[in-house]
Amino acid sequence: MTIDVIDLRNFYSQRLGAVARRLINRGIQRHWPQADGLRVAGLGYPTPYLGLFREDAERCIALMPAAQGVLKWPTARPTLSTLVDEFALPLADAAIDRILLVHALEISDDPEGLLREVWRVLAPSGRMMAIIPNRRGVWTRTDNTPFGHGRPYSRSQITQLLRQTWFTPTAWGEALFVPPFQGGWVLRSAMAWERMSAAVSSPFAGVHIVEASKQVYRAIPAHRERTRLIPSMPPVLLPTPTRRDDRPAAG
């Protein structure tokens with residue numbers, strides 16, 4: 001189920017969305033503290049998080065799927081966002097060093113096809129990071145946030161999906177332990193919720209934050225040719241040719 005870009009913008013303009021952005025940004029920075037001189041792209045609705053890299057990266061672009069829609073980003077600067085076909089990105093092979101997926105995998109009709117396209121445009125030494133709703137989390141059980149739409153994943157399901165699409169998970173994190181309530185006291189204590197839940201390794205985070213590397217030399221299954229069996233032929237006795245000297249004399 002695709003979420004409209006207007007609904008996503010409205011969520012992040014609310015107080016709950018601002019808290020979610022701050023907590024997820026904290027998890028992203030833990031794995032990617034900087035992107036100096038790198039080519040960075042976000043796929044899905046990544047604009048609330050690409051601000052971490054826009055100033056330092058060589059280039060930073062937002063790729064928004066056609067089914068979702070596109071918004072101008074950044075608002076007061078030259079546009080760095082574009083509408084794309086998520087299965088045919090307008091990028092050359094190995095063109096990007098860092099790719100951030102937000103509101104992408106869980107609402108894609110073909111997550112494997114999407115990740116294979118990400119694999120194509122990612123540089124051999126590049127990294128991909130995905131923000132994916134946790135199927136155990138409270139955020140996936142309410143419709144008042146974008147994380148409650150689409151298909152949530154467990155960690156084992158994410159690992160299997162990445163390996164099927166030629167990625168290797170390299171780092172894990174979680175965010176959004178705080179309940180998705182608009183109440184002021186809950187949001188004011190959001191950072192305390194995050195620290196306490198992370199300390200006890202709570203499995204009920206709202207999202208997984210997974211970093212993965214590209215398998216440049218992926219395994220290709222070998223197909224053994226079927227051995228062709230040649231039936232054995234029984235020996236055949238042929239008549240011995242008569243030599244001229246062995247012929248009976250005439251008359």
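User: In this predicted model, which residue in β2 does R39 stand opposite?
Analyst: R39 stands opposite R59.

User: What makes β1 and β2 a strand pair?
Analyst: Pairing takes at least two bridges found by DSSP. Strand β1 (residues 39-44) and β2 have five bridges, in the parallel sense. Therefore they count as paired.

User: How do you know that β2 and β3 pair?
Analyst: By the rule of at least two bridges. β2 and strand β3 (residues 81-84) share four bridges, again parallel, so they pair. Within β3, L83 is the bridge partner of M64.

User: Why is β2 called largely enclosed by the rest of the structure?
Analyst: Buried means under 20% relative accessible area. Five of the seven residues of β2 (residues 59-65) are buried, so the strand is largely enclosed.

User: What makes a set of residues a nonpolar core, and which residues have the most contacts inside the largest one?
Analyst: Such a core joins buried nonpolar residues through side-chain atoms within 4.5 Å. The largest has 39 residues, and I24, L100, F147 and L176 have the most contacts inside it. Elements that each supply at least two residues include β2, β4 (96-102) and β7 (207-214). Helix α2 gives the most, with six residues.

User: Which residues does the second, separate core include?
Analyst: That core of 27 residues includes A104, A130, L161 and V210.

Terms used: Residues are numbered from 1 along each chain as its sequence is written. This is a predicted model: local features need pLDDT of at least 70, side-chain atom pairs count only at pLDDT 80 or more; totals for chains, interfaces and linings use all residues. Side-chain values use heavy atoms; hydrogens and water are left out. Buried means under 20% relative accessible area, exposed over 50%, partly exposed in between (1.4 Å probe, protein chains only).
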